[in-house]
Amino acid sequence: GLAASLLQVDRVVGCGWHAMLQSVPLLHGERLHVVAGSVLEAPRGSGRYAVEFVIFVESDVTTYESVAQMELEESGVPYSIARTGASGWFFGASCVWPRTRGGSIKTDAAISAFARFTLRVRCVVPHGAAASVASDAAGMRWQTSVSFQLEIEEEREPLHVVLSPHSRQQRKPMALCSDPWFKIDVVEERYPGIVADWLRYHYEVVGISEFFLYDTDGSLEPYLSSSGLSHVVRYFSRWPAGFPVLQELVDRKWYDAPDGLAYDHCLYNNMGAFDWIAYLHGLDAWYHSPAHVEGVGAAVSMPVALEALRRKAPADLPICGISVRRCNFGARAEQEMDHANGDVEETGKHRNPATRFNWRLENCTSHGPFEQDDPVLAGDGSAVYCLGHKPVCRAASRTEVWELTEWRANHYLDTWKPRCGASCRVRDDGLQQLLAKSAAPPSANNT
């Protein structure tokens, strides 16, 4: 019942929401963090509203969810990813809202887990709560922040939750979210200017409106200004620093531990602020449409192509996510590679991997849709989560798959060490032809 209440078809109200990053200690040693949230019309067209937000529960209770975790435990690491199951002490949760005319109103909180990292909490906005909505030509707009308390059975103090509307008013076409990156100074030493090239290409050629970039160590910051795109980059430095368990795992070199939490943060902070929210895992992955190459087809940006796809979908079955499949690139043969040992620090400087490696697998990939993707999610609330490479969708929504000839993510497998070898035997330099278009820094007014 709890999951069903979260998976009904909703519509995001307003222009995206910020959650105040707050945390509170729980009785058994866990810490509960509010990560991000949105305000939804629930269900769509009902005129009733709910807040839905992401919470992350940290614990030093070790669970064995992967071989990597077992290896960490054997090496003496006392931490793991936190427990996030909807355990008994959550079933007593409720939301307490301030009344417009004084006092408070209590409503039940529906809580469900979609992955090992986070929980989704939903509270219906009751009649008489101090949370107002106004109607204008653009639709429904929330006028004020939403403030309430999450009470949990047997816990000594409630968690105060505040969701505030984004300051920007105009809805934008597309946001691009990254994994929490690390050691970017080493990457730049190997490929000078790669951060600026990656940003300019995706802004100028792909059509990204804003970037939401995360790192674990602050190493990305020195390389952002050279792109000329500071006005469209939101940077979250040292992302796991606010979560002690995740920070401990990163310190122990399990660098992908904070990925899922960053995905949740980017999705829920940008629902309603963007039409589409994309996830591209690293600087060795570049979105590309073969149709951009002269003689193949019409050159359109990714947001334009996404909207064309949306228009074809039935009105009562909105698109939740699109599979953008990877196309694996490398050197034609290992003898062409001068970093066969894979040691980035000792192999000298080379060109951008997107220009260096122009041989690909014959069929691009051996994986099916949503198996090894860099997907795009709808920003209208249809998507709840990005589980690995698969979107988790609400009921009565659908997914689509882009053919590799339409849009794909060029994944340069040999960027750090040889992996493709003789399997990469089809020459494909389409993206290189486009990269020159984004060589000059864009104007700060070109938004």
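Two strands count as paired if DSSP finds at least two bridges between them. In this predicted model, strand β21, residues 359-361, meets that criterion with β27. Three bridges join the two strands, which run antiparallel. Within the pair, R360 stands opposite V426 of β27.

Both strands belong to an open sheet of five strands. The order is β18-β26-β20-β21-β27, and the pairing is mixed. At the edges lie β18 (285-288) and β27 (424-427), each of which pairs on one side only. From one strand to the next, the twist averages 40 degrees.

The largest nonpolar core comprises 53 residues. W198, F211 and Y287 have the most contacts inside this core. Helix α4, residues 194-206, supplies the largest share, with eight residues. A second, separate core holds 32 residues, including A175, Y214, Y279 and A383.

Helix α4 is largely enclosed by the rest of the structure, because eleven of its 13 residues are buried. The buried set runs from I194, V195 and A196 through W198, L199, R200, Y201, H202 and Y203 to V205 and V206. Among these buried residues is W198, whose contacts, leaving out residues up to four places away in sequence, are L176, W181, F211, L213, L280, G282, L283, A285 and W286. One of these contacts, F211, is also listed with W198 for the most contacts inside the largest core. After α4 comes G207, with a positive phi near 100 degrees.

Note on methods
Residues are numbered from 1 along each chain as its sequence is written. This is a predicted model: local features need pLDDT of at least 70, side-chain atom pairs count only at pLDDT 80 or more; totals for chains, interfaces and linings use all residues. Side-chain values use heavy atoms; hydrogens and water are left out. Helices (H or I, at least four residues) and strands (E, at least two) are DSSP runs, numbered from the N terminus. Axes are lines fitted to C-alpha atoms, for helices over the stretch in contact, and angles run from 0 to 180 degrees between N-to-C directions. A nonpolar core is a set of buried Ala, Val, Leu, Ile, Met, Phe, Trp, Tyr and Cys residues joined through side-chain atoms within 4.5 Å. Buried means under 20% relative accessible area, exposed over 50%, partly exposed in between (1.4 Å probe, protein chains only). Contact means heavy atoms within 4.5 Å.
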